[in-house]
Every structure is written in C-alpha cells, then in structure tokens.
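Hello,

Here is the structure for your files. My notes follow below it.

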Amino acid sequence: MIDVLLGLQWGDEGKGKIVDFLAEGYDIIARFQGGPNAGHTLYVNGKKVVLRTIPSGVFHKHCLNLIGNGVVIDPVSLMQEIEQLIPMQPDVLSRLFIAHRAHLILPTHRALDAASEAAKGEEKIGSTLKGIGPAYMDKTGRNGLRFGDILSKDFRKKYDKLAQKHIQMLRQYDHKIEWEQWEEPFFEACEYLSKLQTVNSEYWLDKQLKQGKRVLAEGAQGSMLDIDYGTYPFVTSSNTIAAGVCNGLGVAPSRIGEVYGITKAYCTRVGGGPFPTELDDETGEELRRVGNEFGAVTGRSRRCGWLDLVALKYTVMLSGVTKLIITKADVLDNFKEIKVAVAYNADGIETNELPYDICDVSIEPVYKKFDGWDKPISSCSSFNDTPEVFRNYCDYIEKYLETKIGYISNGTGRDQLMAIF
Ligand code: IMP
Ligand code: MG
C-alpha cells in the first residue's frame, strides 16, 4: 500500500517535519507533484535544512527517495540541493531515484514566469517565480522536455527548439528578463544529473510494492492551491490533492491506504488570492511573529488568519483524509481567545460549503470562539497532559471534520509531536 501525506491549506503546514518523523515507518518516500516552489523545512541535529525537490526521507538511512513523474525539476536547483546534502548524508545519491517522465524546468520557463507575473500587475498570483506554471503548461501543451531527455543524444537540439519558442513568447512582454546567463549552469547541471539513477518509476514502484515495501507519497504546496479545486486562478499548476498521487507516481487508486492531512492550528497564505479568515490586525501580526511565518523559499512574510473549518472540511473531503495532523498548536499558547470559522456568509447567504468562486464574492466568516489555554502546549509531552480547553478544541475540530486527529505537533523539535490513539 501507498500512504499519502499532504497539506490541507495553502501550503506551509509543516509537512517536512511530519514526513521526517513518519519516514521511520516507510521504506520509500516519493514526491508526486510540484517542484522547487516547495520548501520543506526540517531540523536535523539542530540545523535547519530546507528541501525543495528532494523528498523529506533523505535523512533516514533506510529510506529510498523517489522524485516522481508528476514533479517538475529545475536541474540547477536540484544539483545545488544534492551538493548541500552530501556533507550531511554522503550516501544521498545511492538512495535517490528520478522518474524519466518528470518534466524539466528550463531557464526560459523561469523567464516566462517572471515576465507573465510582471504583466499581471495588481492581479499577480504571487508565484515563487521558479518556472512552475510555464513548465506544466509545456507538459500539457505537449511541448515539454522530460528528465529522460537529458540522456538523449539530441538533448541540445530538443532544448533549442523549445527555447526558441519561449524566446518568441518572451517578445510579447515589456518586462525584459536576462535569462541567457542561466543557460550555462543549466547545461552543467544536466550533465551532473545525467549520472544519477533514473527509473521508469511506475514499474519501479510496482516492483517495490509487490515486495511489500511501504511507500509514503509526500505532497507539496497545499490542497487550496490545487489547480482544479483551489482558489483558481490563485493556485499552483499541479494537483496537490490525493488524486495527484495516482497521476504523479503511476499508481492505481486501489493501492492508496492511509491519507494523512496536515493543517496548522491557524491559517496562512503566501502570495495573492482570497483568504476568508485573514487577519489584517494585531492578532494576525502576532500569529506571524510567534509562528515565524516567513516563506522558506522566498522569505516573503505570510498572511495569517484563524483556522478555517469550511475550507478544511472541503479539502478533507477531496482527498479522503483518514487522519488529521495538527501542527503549530503551540503558536496559539498565548492567545486569550481563539476563533475558528464554522460557516461563511457569502454575499449574505450562510453556507458551510466552499463557493465555486471566492475571488469575486464577499465572504464573511462565521466564527466559533474558544477560550485560550492557561498552560503552554509546547511544554506538554502527551495529549493527556494538555489543558482541558485545548482537548475540547481538538474534539470540536474532529467532530466538525468527521475525521480523527492522529498527531499534534507542538514545537519545531523532532520530539515535539504528540500521538493520539
Ligand atoms: P507557483 O507554484 O510558484 O507558481 O506559485 C503559485 C502560488 O502558490 C503562489 O501564491 C505561491 O505563493 C504559492 N505556492 C507555491 N508553492 C508554495 C509552497 O510550497 N508553499 C506555499 N505556497 C506556495
Ligand atoms: Mg513551504
């Protein structure tokens, strides 16, 4: 069976730490979508490490790591990531496998991302500008280059053909990007990566599963950024929900087992787009400060707000979440009052379903209030040890979402994780 772990909000739910913890029980960790727009933060021996394309199982000697076909790979970024890991994990390359079918991010994809965002002006998505959207556009437009192409003898020819197309496209934008300097490092990185272990990942995974290997699919970004179900057009370009695992790794739905859904105890969003429970006030500021809500990839400050159970119930439904994991519960330690949105007032009509379009509709969240707790969660070592008000808060969330909480993370440390059984 293949278990799944994914974010239920707008990304940055703390997936890195949880995968790193769960990796103990798995033989293979596989990324199925996204690319270097992701930033999965882990603390290893007290040192902060941010993973972008490499699965978060890399710090476990027994884990193999697969970059699946649904991922888009920036060769330069991946090479740098590997080089940064080698001193910490000298055997990283022997445990890393890359799908032939994964698509490549070209320097001109990054240029197109930047030019297209600049042209959007006020309506910009707030993309991480890693070339994600343009690379996926070429994939669905049937023009893309795949990782396996690096090994082909006409790689340069294929590259030139696509880059020429992009150069034409770049001419329509006023915003000029000096991407030419990115070409040489791109080819150097491709050369470096051509020596890595590439696999037909659908067969490779099938064999591993038949041998009884335990696989965990690691999601990137979050469900509310899903290309189909997120707050379109303010989304990323891949399927971030559980369905993306089947496409992104080549496994059948019948093989999916547990689906772990991660949510913070509050909400954040980085970049543009609707955010019903956003707090534009001191409380929001306080969440940002205590939660250290600054982007791992871009350093941008994240927008903060209360937990949104309407959105959460929607994303739990979309992925068939079997276990919830709540992270950063300790960030709420010093708040006197804690709120959660339980319905929306959408253009005057109360609903607990996510409307089709929340960009052009005025949404007023309907809140349920909880008293803050008097004992810091961060110092608790087990769920039973937590204050009663906190346990009631968790109980309410479970009932609302009709889903059990499996773990609660109460700090950045590897040991600050409480299991609930
Ligand atoms: P893109 O995927 O870089 O094109 O960005 C599209 C939107 O998704 C922007 O609002 C980004 O801020 C957001 N986004 C992309 N990746 C992540 C992530 O890993 N965490 C949080 N937000 C992300
Ligand atoms: Mg992140």
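At what angle do helix α3 and helix α4 pack, and how far apart are their axes? In this predicted model, where local features need pLDDT of at least 70, side-chain atom pairs count only at pLDDT 80 or more, and totals for chains, interfaces and linings use all residues, side-chain values use heavy atoms, with hydrogens and water left out. Residues are numbered from 1 along each chain as its sequence is written, while chains are lettered from A and ligands numbered from 1 in the order in which they are written.

The angle between α3 (residues 107–120) and α4 (residues 132–140) is about 115 degrees, and the axes are 7 Å apart. Axes here are lines fitted to C-alpha atoms, for helices over the stretch in contact, and angles run from 0 to 180 degrees between N-to-C directions. Helices (H or I, at least four residues) and strands (E, at least two) are DSSP runs, numbered from the N terminus. His-109, Leu-112 and Asp-113 of α3 meet Ile-132, Pro-134, Ala-135 and Asp-138 of α4, contact being heavy atoms within 4.5 Å.

The magnesium ion (ligand 2) has Asp-12 (OD) and Gly-39 (O) as protein donors, 2.2 to 2.6 Å from it. Donors are N, O and S atoms within 2.8 Å of the metal (3.2 Å for Na, K and Ca); water is not among the atoms, so sites may look incomplete. Asp-12 sits in the loop between β1 (2–7) and α1 (15–22), and Gly-39 in the loop between β2 (28–31) and β3 (40–44), 27 residues apart.

Ile-82 lies in helix α2 (residues 75–85). Beyond its neighbours within four places in sequence, Ile-82 contacts Ile-54, Leu-93, Leu-96, Tyr-192, Leu-193 and Leu-196.

Regards
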